[in-house]
Amino acid sequence: MIAPKNTKVSSPTPRLEETENDVVMVNSTYVKCDGGGGALGHPVTWLDMGEDTHVICKYCDRVFKLDPNAVPGGHH
Ligand SMILES: [Zn+2]
């Protein structure tokens, strides 16, 4: 048996593995995301980290990380 050589290997298969999400450092636990606008944009949404130090946008899977040097708002 000889394997046919005409198998499609030209285009890279789009994968849903999202291990390389964009990471955005922010200085607030409450951040706004609109996907960066353009074709990849999405409706403006607000993300609240709560007591966590990061939050992931459910639209574009961006990871917002709280800058450890920043003083979180809401505490006065
Ligand atoms: Zn987003």
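This is a predicted model: local features need pLDDT of at least 70, side-chain atom pairs count only at pLDDT 80 or more; totals for chains, interfaces and linings use all residues.

Visitor: In what order do the strands of the open sheet lie?

Guide: Strands of a sheet pair through backbone hydrogen bonds, either parallel or antiparallel. Two strands are said to pair if DSSP finds at least two bridges between them. In this model an open sheet of 3 strands has the order S1-S5-S4, and its pairing is mixed. Strand S1 (23–26) and S4 are the edge strands, each pairing on one side only. On average, neighbouring strands of this sheet are turned by 20° against each other, direction ignored; axes are lines fitted to C-alpha atoms, for helices over the stretch in contact, and angles run from 0 to 180 degrees between N-to-C directions.

Visitor: In which sense do S4 and S5 pair?

Guide: S4 and S5 pair in the antiparallel sense, over 3 bridges. Ile56 stands opposite Val63 in S5.

Visitor: What does UniProt place at residues 31–64?

Guide: UniProt positions are given in the numbering used here, feature names are shortened, and annotations may be inferred rather than shown by experiment. The UniProt record, an unreviewed entry, places the feature "domain: Zinc finger CHCC-type" at residues 31–64. Over that stretch the chain is 0% helix and 35% strand, with the end C-alpha atoms 8 Å apart.

Visitor: Is Asp61 buried or exposed?

Guide: A residue is buried if 20 or more other C-beta atoms lie within 10 Å of its own, exposed if 12 or fewer, and partly exposed in between, with C-beta atoms placed from the backbone. Asp61 is exposed, because 11 other C-beta atoms lie within 10 Å. Asp61 belongs to the loop between strand S4 (54–56) and strand S5 (63–66). Of the 76 residues of the chain, 7% count as buried.

Visitor: What is the phi of Asp61?

Guide: Most residues other than glycine have a negative phi. The phi of Asp61 is near 65°, a positive value in a residue other than glycine.

Visitor: With which residues is Val44 in contact, leaving aside its neighbours within four places in sequence?

Guide: Two residues are in contact if their C-beta atoms, placed from the backbone, lie within 7 Å. With those neighbours within four places set aside, Val44 is in contact with Lys32 and Asp34. Val44 is found in the loop between strand S2 (30–33) and strand S3 (45–48).

Terms used
Residues are numbered from 1 along each chain as its sequence is written. Helices (H or I, at least four residues) and strands (E, at least two) are DSSP runs, numbered from the N terminus.
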